[in-house]
Amino acid sequence: MTRRFLSLWFVRLPTDRAKALRDAEAAQVSRQQVPRRQASRQSERTAPLVTIAKIKGAQKLVCVDRLAANLGLAPGLSLADARARRPHLIAVEAAPEEEARLLARLADWCSRFTPLVALDGADGLMLDIAGVAHLFGGEETMADEIEVRLAAQGFGVVVGIADTPRAAWALARFSDRRIAPAGASDGLLAKIFHGLPLTALGLDDKTVADLNRAGLRRIGDIALRPRAPIAARFGADVMNRLDALFGLERGAISPRFAAPAFSAERRFASAISRREDVEGTIARLAQDLVVLLDRQAKGGRQFEVRLFRVDGAMRRIGVGAGRPLNDPGTIARLFRERLDAPGEDELDAGYGIDIVRLSCLVAEPLASSQRELEQAHEGERERNLADLMDRLSARLGARRVTRLELMDTHIPEFAVAAIPASARAAPKVRAALLSLAEEREAQAAPPTRPLRLFERPEMIEAIAEIPDGPPLRFKWRRVLHEIVAIEGPERIAAEWWRRADALTRDYFRAEDMQGRRFWLYREGLYGRETIRAKWFLHGLFA
């Protein structure tokens, strides 16, 4: 399949954003019915609009709207000169961070056409449309639809389509032709691109200026000359970009989100707005998705629904599962639980939702199991428990429903971690050591680990006969405990590859005169790691 890329250039993104904010304020004023302010807003709509930023100590124009451009204003002009020419000019401070967030939202909106959407600088997007253009009636129709829909949202955009990202980028910004034929011959590509300026290669200003001083102003000027002298004088990047333009180097983009392995969607000629319709659509899409999963004997662990609204807004809803799922009813029920979750925003359809897409983000092979008939109820019980944890995680949030997972570490307080119940189970660590420890613990009368382990060890005051010997008594929480029996030490050191400066611990199992048993440790080897060891209480036995 021939790779095809579609470049979107938002010519006036800063001023389009400023206009959108002004229109929102004007709509609020009209609802408040303030005639004087309405007249003021009406006059502002007919005035040229620019965005400004402080550059080298002076306020200069960064972006101008169409009206300001027609009046002779251009980026780089100082604000004072611009106001001298057009006194009624409206200047708005540029907000690069807000504009970047707006571009990211536009990228999410463009995922209605293809899941492979990448940011392209501060004013562009790059879409990989290989194999999807025919779903919209061809590349020409697809480009028209994108332009019309974005114009309805208030954004001016120019489209370029070609076999490589660099060629699509050049067409959108520097050419009157917006589509280069797929698999075009060298002669046709030369006709399309040789007349474009060198800035169409994406070179920096200094390199372009150096090339211009050498009499090289068009792409054809360097494409028709020997490569070695140009690379030696102006750098190899010039020829690399030329190769990328003509497809001699493989072009690729870095999408914001990886394309899902399995996906199903519904498009509506008449937008839907009721929650019942959305849930019903998700249920039907779950059936289609399960068919795709069954073909590869897989089940989904993470699912996501994207709701595309007519006004350009897009909402994501994600759920996870503790085991691979391939049951459409269970998948749909997880999304219902998520929509009912406390704190979850209400389903705001705006002017309606015209696309609903259900994707499986993570899929795993379904493990085949052959249980004995008398053990069938155990498997059913495990599935019911897993489904319950998934529903609770969807309703309450994955971070609120957790399970304990053994960690591969010697430090007791880090040996077990609470992770989301729906997270993927980690491979069993130190299985042989764990089984050996369990066997030894079963043979020994007293347990080697306390039933209650403190989250953080508590410092105590201990008295010992010798600095590296066991304690005779200790004070914990202002209570003095006389030790009558003690076992130890059990030496535990931190992993050297994680923390080289961690002190060694010597653990003791101690019993006081009242029969209470404690788990104590001394931190630091006397004479080697410290000259005054500290004592801590880490846990309590039954």
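**Figure 1. Val50 and its partner across the strands.** In this predicted model, Val50 finds its bridge partner in S4, and that partner is Ala91.

**Figure 2. The open sheet around S2.** Let us step back to take in the three strands, which are ordered S3-S2-S4 in an open sheet with mixed pairing. Strand S3 (58-64) and strand S4 (90-93) are the edges, each pairing on one side only. From one strand to the next, the twist averages 45 degrees.

**Figure 3. Lys56, a residue with positive phi.** Look for Lys56 in the loop between S2 and S3. Lys56 is not a glycine, yet its phi is positive, at about 55 degrees. Is Lys56 buried or exposed? Its relative accessibility is 85%, so Lys56 counts as exposed, the cut-off being over 50%.

**Figure 4. Arg477, between S15 and S16.** Here the view moves to the loop that separates strand S15 (471-476) from S16, where Arg477 sits. Arg477 also has a positive phi of about 55 degrees without being a glycine. Its relative accessible area of 53% is over 50%, and therefore Arg477 is exposed.

**Figure 5. A cis peptide bond at Pro489.** Gly488 and Pro489 are joined by a cis peptide bond, with omega at about 5 degrees. Pro489 is part of strand S16, which spans residues 479-492.

**Figure 6. The second largest pocket.** This pocket has a volume of about 720 Å³. Its lining counts 23 residues, and those closest to the centre are Ala20, Leu102, Gln153, Phe155 and Asp311. Two or more lining residues come from each of helix H1 (13-32), helix H5 (96-110) and strand S10 (314-325). Which element gives the largest share? That is H1, with six residues. By residue type, the lining of the second largest pocket holds 11 charged, nine nonpolar and three polar residues.

**Figure 7. Two buried cysteines, Cys110 and Cys360.** Cys110 has 0% relative accessibility and so counts as buried, the limit being under 20%. Cys360 is buried too, because its relative accessibility is 1%. How many disulfides does the model hold? With sulfur atoms required to lie within 2.5 Å of each other, the count is zero.

How values were computed:
Residues are numbered from 1 along each chain as its sequence is written. This is a predicted model: local features need pLDDT of at least 70, side-chain atom pairs count only at pLDDT 80 or more; totals for chains, interfaces and linings use all residues. Side-chain values use heavy atoms; hydrogens and water are left out. On a 1 Å grid over the protein atoms alone, a cavity is a set of points where a 1.4 Å probe fits but cannot get out, and a pocket is an open set with protein on both sides within 12 Å along at least five of seven lines; lining residues have an atom within 4 Å of a point. Grid points are joined across faces, edges and corners, and a volume is the space filled by probe spheres set on the points. Helices (H or I, at least four residues) and strands (E, at least two) are DSSP runs, numbered from the N terminus. Ala, Val, Leu, Ile, Met, Phe, Trp, Tyr, Cys and Pro count as nonpolar, Asp, Glu, Lys and Arg as charged, and the others, Gly among them, as polar. Two strands pair if DSSP finds at least two bridges between them. Axes are lines fitted to C-alpha atoms, for helices over the stretch in contact, and angles run from 0 to 180 degrees between N-to-C directions. Buried means under 20% relative accessible area, exposed over 50%, partly exposed in between (1.4 Å probe, protein chains only).
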